[in-house]
Structure formats: structure tokens, C-alpha cells
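Please consult the sequence and the structure shown here alongside the text.

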Amino acid sequence: MEYGLIGGRLGHSYSKVIHEMLCGYRYDLCPLPTEEEVRAFLTRRQFRAINVTIPYKLVVMEYCSYIDPHAKAINAVNTIVNRNGLLYGYNTDYPGFSYLCDAHGVEFKDRTVLILGTGGTHNTTWAVAHDRGAKQIYTVSRHPDPEKGELTYAQALTTGAQIIINTTPVGMYPNAGVSALDITSMPGLEAVIDVIYNPDKTELILRAEELGVPVAVGGLEMLVAQAVYAAEFFLDRKFEDAGAEIARVTSELRREQLNIALIGMPSSGKSTLGRALAERLGKRFVDLDEEIVKADGRSIPDIFAAEGEAGFRKLEAAQTARFARENRQVISCGGGVVKDPANLRALHANGIVLFIDRPLEDLLVGGGRPLSTSPEALKTMEAQRRPLYLAAADAVIPNKTTPADAVTAAMEALDEIFSH
């Protein structure tokens, strides 16, 4: 291969999409499950340039004739260029993480920093925090080494840290919805950064947003930035405006990968608009009510009759969690999905939430919908749920005229969201 990525497991890597979006060259994913295979690959040297991911960022250094000072200091190489049979090693995670911090105004000088995890990315983030003047940097581990000054997660809560950086895989796809650290008892936080990029917002980032932490950001921009800097080594040329390239590719990647979740009252048009949006966006369409019926084997009225609303909501939560952690979907949600905050967290973790707002007088009564059996019931339900829809939505899409108009409004709202 000419360009590509080697690593232990690469099934959910975005690198191929990013590099091909960025430069147009072919970029291959080359999983190498064992160290023996990595050593054989590097000995053959049948590539022009590669990226390296876990767990091989250290072992590849043995094969490099030249190693960049940043890579030496971090003790990790993630980019290798083959120049006439000699391998040159670089680390673009350092400038990638630096870009992420700069883009969001993270100030390290005189701050106390917690780094969760002890893997390779720990060294990168530690180096950036140190070089930018952090007052104190603590490493937090499940199995801390006291001789290295490492802390337990319980001890981390009392450090008075202003900045938290997660470098562990806790909360990463497919095991989303969990966090290594409960930050609710940590006042004074200025920034929470998670290097995980799938899901887009980990549980740690969602919690930070809820607590009003000024900067709460995941790792997608870091991933794109390190790829841009790697491509500069690959092609032996600088981009005219690397920052603009990072912003462009990040925006395009989010547009391509993130789910679009539609919420709103029963009969507000979510399924009709969802199918149209899925076709426009090239995403898979998922109707959560249909998936509940498929999984359970009973109709929704039958589920309500047998188990009541509480039983139905339990099934709904399971299907919401199941589909929300995947990507590239348009998800039509049931009208009551907003009643469970856990559903909304799951939808926001990997997607954009649009409220399909249809006037009350245009909503249908009955039609096999157990909770909207009369005009009075529908009116009461709308009054109760409307504040929940508005609070949950990233944008409100009016559905007052034609489906085509609503689809156009949704596309315009998404353009606005992804441009920031």
C-alpha cells in the first residue's frame, strides 16, 4: 500500500474517511493483531507513509532511522514516512491535541490538570500541559503507582483541578454511556477534554455540559488535526491554511457520521420527514416504534394493554440506547421519548436532535396511538411535552405547510449547526 494506518484493531477508525476527504489519495486500514506481524510489516517497508495507532506507537520506533524530538520526548511515533528505504518517525498527536486546546481556548498556565489513564495518549497530553505551564499535573489510574505520584479516582476528586483530560477508553463505542470520573462534586472546572471521538460526546462530556463547564469537548478535532499534520509529512508540503482544513474536514465528518434524531408529538410528521431526510443525507432511516414492535413481537397498543406505559417506556429506552450509539442514521423517535432523560443523553451523545413542530390543530386523534385518544388528551399531552421538546432540541423545525418545506427547513438548520 502507499498510505494507510496500522494498529491492533481498526474496525471503527475514521482515519480512512478523513485522509481521503482531506487529500484524495487512497488510504488503507491494515489491522495487524500481533507484534510479530508489525515487525514483519516494517521490515518489508512496502509503503510510502503510514500512521500508527495503539498498541504499536512504541515498538515502531525501533525501525526508525530518524525520530522527531517531540516523538522522542513523548516516546511514541504515530506517523512514519519511508524515504528511500529509511523510516522517519514523527508524532502528530502532540500538535493535534495542541490544536484542539487552542481552538477552544483552554488555558493551562498555572492550572491544576488531571489526566485520566496511563496509556500512550497520556504522555502526549501531559507534554502539552507541561509545555504550556500547568502548575500541577496529576495522573489518575485504576491501579495507581504511588512511586510515580499517581492518584486513585477517589483521590482525584479532592485535587481542586481546573482541567480534566480523559485518555482512557471508558465511554468509547460500543460501551457508551459510562464515565470514569464523577465530576459533579468538582467545582471550579474550566475545561473537560475527552480524546474519545466516538461517540461525539461521551458521558463525561455530557455531564460537563450539564454542569456548565466552560469548555467541554471530545476528540474529533484532535483526530482530524493530527491527520492534517500527518498528511503534511506524507506529501512533504504544508497546507496553505491547516486550521481551515481541520475545520472543513471536521464539519464534513460530523455531517456524514452523526445521527439526526427527530422528536415531536405523535402524528407530527417525524416518519415522513425522516425518510425524506435520510434519502437527502445518504443515511439509514430508523423508526424506533417499528423497531420496538420488531424486537418485542407485539403491536404498541398490545404492549400498552399488557404492560402499561411504564412497560412500553422500558422497551423504548432499550431500543433508543441500541440505535443511538450507532452512526449515519436518521432516527424517528416516539412522541414520549423525551420523558426519560437517559434517552436524550443517548441521542445527544452521537447526534443532532430536531424538534418537528406541528400545530396542535393539525395533529391526529387516535390512529392506534394509546395516549392520544381524544382532543382533550392530545391537548394536555402537548402542553406537558412541548417544554421537553424545546429543551431537548438543537433546532426547531416547523411543519405547518408541506413536507417539502419542512425538509428544506431541516436541511437549512443542519447547515447552520454543522457550520459552527
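## Interface of domain 1 and domain 2

In this predicted model, 12 residues of domain 1 are in contact (heavy atoms within 4.5 Å) with 10 residues of domain 2. The area buried between these two domains is about 1000 Å², where buried area is the accessible area (1.4 Å probe) that two parts lose on being put together, summed over both. Carbon and sulfur atoms give 64% of that area.

One salt bridge is found across the interface of domain 1 and domain 2, the criterion being a side-chain nitrogen of Lys or Arg within 4 Å of a carboxyl oxygen of Asp or Glu. R254 forms a salt bridge with D200, with 3.1 Å between the closest N and O atoms. On the domain 1 side that touches domain 2, α8 (220-235) and α9 (242-257) each supply at least two residues. Helices (H or I, at least four residues) and strands (E, at least two) are DSSP runs, numbered from the N terminus.

## Domain division and conventions

The chain is divided into domain 1 (3-90 + 223-254), domain 2 (95-217) and domain 3 (258-419), with bounds from an automatic or database domain assignment. The centres of domain 1 and domain 2, taken over C-alpha atoms, are separated by 25 Å.

Residues are numbered from 1 along each chain as its sequence is written. Because the model is predicted, local features need pLDDT of at least 70 and side-chain atom pairs count only at pLDDT 80 or more, while totals for chains, interfaces and linings use all residues; side-chain values use heavy atoms, leaving out hydrogens and water.

## The mixed sheet

Six strands form an open sheet with mixed pairing, in the order β2-β1-β3-β5-β6-β4; two strands pair if DSSP finds at least two bridges between them. β2 (27-31) and β4 (66-67) are at the edges with a single partner strand each, so one side of each has no neighbour in the sheet. Strands β5 (residues 79-83) and β6 (residues 86-90) run antiparallel and are joined by five bridges; V81 stands opposite Y88 in β6. Helix α8 packs on this sheet, touching β1 (3-7), β2, β3 (49-52), β5 and β6.

## The parallel sheet

A second open sheet has five strands in parallel pairing, ordered β8-β7-β9-β10-β11. Its edge strands, β8 (136-140) and β11 (215-217), each pair on one side only. Three bridges join β10 (residues 191-194) to β11, and V217 in β11 is the bridge partner of I193.

Terms used:
Axes are lines fitted to C-alpha atoms, for helices over the stretch in contact, and angles run from 0 to 180 degrees between N-to-C directions.
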